[in-house]
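Visitor: I am new to this structure and would like to learn how to read it, step by step. Could you take me through the features in turn?

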Amino acid sequence: MVWTVSAVNRTVLVTGGTGGLGSVVTKHLLDTGWRVVVPWIVREELDRLTEHPNLHLVEADLADEGNVETLLSVTAADPHAPLFGLVNLVGGFTAGQRVHEAPIEVLDSQLDLNLRTAYTVTQASLPHLIRNGGGSVICMSAAATRRPFPGAASYIASKAAVVALVETLALEYIDDHIRVNALLPFVIDTPGNRAAMPDSDRRSWSQPGDIAKVIDFLLSHNGAAITGGSIPVTNVG
């Protein structure tokens, strides 16, 4: 097989890059010429990605500090394509119970998935971004932080915490030329969400391809003026 790609001179790390959204984002970034590193933990999800010379897959449990260190060593291994971008897509969703009905473990789980993973991978990436002269970090929050709905307090609280993290990081690292932004999608139109909500009106759902384009923009020099933002990525139908 012959691939036609532009010259690769930068690396982006995409967590959750084998997921329903992440696989679309990964393909888009490969198509636009990035060296892309993707951690994985579910082998079946690898079928969503096709072989590419600039795609580097690393088996890694992002809850394990040693695994994260190994992941970053692979990410930073190419001196000709330094780490410039981090896209934190790992996350989870739960709903259906009001606060007094849900065990505290639900909150713990949502904070681990939606906040702690983004925090730890960003923390491990920052020294590389500083050393390389800057970069762009993107995290996934949710439109529900602005338009909450009942039965999902743990999810919404964890996603609101992501916004707070992003705004703080943007201030802390502005002098290092690192910009940090959050995306706020509505329900994302993935096969998993379609299966879970088969009767839903999907006209307002966020499209993975559109989100991938926004991510590419924020990673690129065209997005250099944007940091500390909470950017809606919802479909107007």
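Guide: Let us begin with the order of the elements, which from the N terminus on run β-α-β-β-α-β-α-β-α-β-α-α-β in the protein chain. Helices (H or I, at least four residues) and strands (E, at least two) are DSSP runs, numbered from the N terminus. Counted in this way, the protein chain has 6 helices and 7 strands.

Visitor: What should I keep in mind about the model itself?

Guide: This is a predicted model, in which local features need pLDDT of at least 70 and side-chain atom pairs count only at pLDDT 80 or more, while totals for chains, interfaces and linings use all residues. Residues are numbered from 1 along each chain as its sequence is written, and side-chain values use heavy atoms, with hydrogens and water left out.

Visitor: Which radius of gyration does the protein chain have, and what would a compact globule have?

Guide: The radius of gyration is taken over C-alpha atoms, and the globule rule is 2.2 Å times the number of residues to the power 0.38. For 237 residues the rule gives a value near 18 Å, and the protein chain, with 17 Å, agrees with a compact globule. Along the principal axes, the C-alpha atoms fill a box of roughly 50 × 40 × 35 Å.

Visitor: How do I read burial, and what share of the residues of the protein chain count as buried?

Guide: A residue is buried under 20% relative accessible area, exposed over 50%, and partly exposed in between (1.4 Å probe, protein chains only). Of the 237 residues of the protein chain, 45% count as buried. Contacts are a separate matter: a contact means heavy atoms within 4.5 Å. Among contacts in the protein chain with a separation of 6 or more, 71% are accounted for by residues 24 or more positions apart.

Visitor: Which residues touch the most other members of the largest nonpolar core?

Guide: A nonpolar core is a set of buried Ala, Val, Leu, Ile, Met, Phe, Trp, Tyr and Cys residues joined through side-chain atoms within 4.5 Å. The largest one has 26 residues, of which Leu13, Leu71, Val137, Ile178 and Val180 touch the most other members. At least two residues of this core come from each of α2 (65–75), β4 (83–88), α3 (104–131), β5 (135–140), α4 and β6 (178–185), and α4 gives the most, with 5 residues. A second, separate core of 24 residues includes Trp34, Val36, Leu49 and Ala212.

Visitor: Where does Leu13 lie, and what is it in contact with?

Guide: Leu13 lies in strand β1 and counts as buried, because its relative accessibility is 0%. Leaving aside neighbours within four places in sequence, Leu13 is in contact with a list of residues that includes Val37, Pro39, Leu71, Leu83 and Val121. Leu71, with neighbours up to four places away likewise not counted, touches Leu13, Val37, Pro39, Val58 and Leu62.

Visitor: Which elements do the buried residues of α1 pack against?

Guide: For a helix, one can count its buried residues and then look for what covers them. Helix α1 (residues 22–31) is mostly covered, with 7 of its 10 residues buried, namely Gly22, Ser23, Val25, Thr26, His28, Leu29 and Leu30. These buried residues pack against β1 (11–15), β2 (35–40), β3 (55–59) and α6 (208–219). Just after α1, Gly33 takes a positive phi of about 105 degrees.

Visitor: Which residue other than glycine has a positive phi near 65 degrees?

Guide: That is His177, whose phi is near 65 degrees and which lies in the loop between α4 and β6. His177 counts as exposed, because its relative accessibility is 60%.
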